[in-house]
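Grab a pencil and work through these exercises with the model open beside you. Try each task before you read its solution.

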Amino acid sequence: MTDPLLAPPKKNPQQRSTSPTRPPEMRSRAALGLTAAAAEGRLALQCCSECATWQYPPRDACVACLSNDLPWVDFPPQGQLLAETTVQTSPRLYYRERVPWRIGTVKTDAGPMIIVHIHPDVTPQSAIHLTAHLDRAGQGVLVAMPPQETPNAMDAPLMRELTADPKHRRVLLTDARAENAPAMAKALKDAGAAIIFIGESESWRPYTARAALQEIGVEFMPLDVTDTLSVQTLAGEIGGKTDILINNAQFVRPGGALARGDVGFAQNEMDVNYFGMMRLAQAFGPGMCKRTADEANSAVAWVNLLHIGALANTPEYGAFAASQSAAHSLSQSLRSEFRTAGLRVMNVFSGPTESDWFASLPPPKVLPQSLARDVIKGLQAGVEDVWSGDIAKDVRDRFRRDPKVLERELTFGGDGP
Amino acid sequence: MTTLTDLAASLASGTIRVVDLTHTLDPDFPVIILPPEFGQCARFRMEEVSAYDHRGPAWKWHNISMSEHTGTHFDAPSHWVSGRDVPFGSVDAISPKNFVGPVVVIDCVAQSNANEDYEMVIDDITAWEKQHGTIPNGSWIMMRTDWSKRQGAAYLNMREDGPHSPGPAPEAIKFLIDERDILGFGTETVGTDSGQGSHAVPPYPAHYYLHGAGKFGLQCLSGLDQLPATGAILIAAPLKIKDGTGSPLRVLAMVDNT
């Protein structure tokens, strides 16, 4: 078993923080399917559609029949550790600062022999359970885990590199007024977050959830994502100790362009949902990027809560969905901008949530507790995309099947003028 | 021109003092809160365009945005449905002579301290007149409550049944309009009406009667404690916004210091 990770001691102020470095990023286009699956927590390999042979490493033509139809399919994770070595030094800066590093060869039950990272709880020459994770470069890698869960497995240095676990980390939740704030704060507390900072806008305006938040034990900080100065001020205050930023500030109103008749709410939606994310990124991003290798409580993840309308417009909330598309697009830009530092951007897509402004929609709706649970699970797994609730998963699948068909289904008209 | 020459001399010597009655335009200053399905009053916001840097090497400037009714602001007659047809009812059309005038301060501090929902009544006005004489026509009337000294949540004083702050009783406003032909009415609270004014008949009586009669409003004023009960001159010129229903502004008063 792994020793439980203790809360990191106070930093020695005279010691240089470890610089952010990354494992190699380059992959062939064919290999990126592994990353795409790992980005949502799945282990997938290519499987020939003609002869059903599993492929490893990824390639453009089947190793058995030369077919080029090699779709990525979820891979059975059972296998046996055959051989291993522990790397003691490396020309690569990232590994140099993290040796010893255990790697080895696994014979999978499905066939392929695969080179993998090995979790310290795996016994030599024993059965393993294969998992896929994103590394600090944001690329999919394979890890041999023990076949049964072991205590504190996610506390191992290897897993801290591959995940964004809130344990012992300091989290900023940007909007105390959001209906999901208490559930989110509670889930973070239960997951072992060291400090939960929570942004509170307009303290001159009372709100009922404040007492519940106080009871959970959060630190209220003045923050309004529509006010650049307030974002900059808070970043000045806690930007150097924000390890995970969860942007739960969101402005929602129903209706598309014609239903509203003015751009007022649309401006609010863009100001909170799009510009708010940009203001946070400009203020907090650079500091977080500098601290991605900073011991056990390093800066590790940036989380956006997005509505599934970001993928394909949901006309009942048409104008809001447009702001979600803008936010989604910006999140992709942030992924690129944070990539060099290894700071992960995790998008959590959900359908309508159980909240005031989606009250007129029929179920199913995502409960605040479910959303919070999925956020924590996503961080603990270190993924980039989380699909929370049935509607988000359904829209995702239909989007992947045919975006135009989905668009047409979502934009049916009514009868008569 | 003797009067103006005298004025200039008095300003220079300090026998006439200029008092600022304006709150700072601050992103975190409270604004009126309406039910969330209605459009809201935009807060004051400021985005830096450049600050002597690569975005503009020798200069610093900001883009600002806000509602016509953010911060210390002026209400024109066209702000209210009752004043929609008042001629020259928008800020750009109001005659500039209305922007400078005498100001009368009715002290309701003790009453408001005792009752946060205090409504100024006709008796408060007649009591004032007993001491200082009849309110001259064309005056600004200021309801002083010292509410501007409140900070944070105590300012709007919002509870589940809405905000609680003092304001004028409907009949007091009618009296000032019909019997004293005032120029306008000003308060230290977020609006010219009391916090619970939406429950009066008509709702928001100060807004309804003032603007219907072509009178003006000033709200979110500060420093009314620096004004004498009578004898000061108020300068309150809104921005010249095309068809504007109001405007943030700098409200100043000239006060005799002798």
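**Exercise 1.** In which order do the three strands of the open sheet in chain A lie, and is the pairing parallel or antiparallel?

*Solution.* A quick note to start: this is a predicted model, where local features need pLDDT of at least 70 and side-chain atom pairs count only at pLDDT 80 or more, while totals for chains, interfaces and linings use all residues. Residues are numbered from 1 along each chain as its sequence is written, with chains lettered from A and ligands numbered from 1 in the order in which they are written.

Step 1: the order is E2-E1-E3 in chain A, and the pairing is antiparallel. Strands here are DSSP runs of E with at least two residues, helices are runs of H or I with at least four, and both are numbered from the N terminus. Two strands pair if DSSP finds at least two bridges between them.

Step 2: E2 (54-55) and E3 (72-74) of chain A each have a single partner strand, so one side of each lacks a neighbour in the sheet.

Step 3: A:Gln46 has A:Gln55 as its bridge partner.

**Exercise 2.** How many residues of helix H6 (residues 205-212) of chain B are buried?

*Solution.* Step 1: call a residue buried if 20 or more other C-beta atoms, placed from the backbone, lie within 10 Å of its own. Seven of the eight residues in H6(B) pass, including B:Tyr208 and B:Leu210.

Step 1: look just past H6(B), and you'll find B:Gly214 with a positive phi of about 75°.

Conventions. A residue is buried if 20 or more other C-beta atoms lie within 10 Å of its own, exposed if 12 or fewer, and partly exposed in between; C-beta atoms are placed from the backbone.
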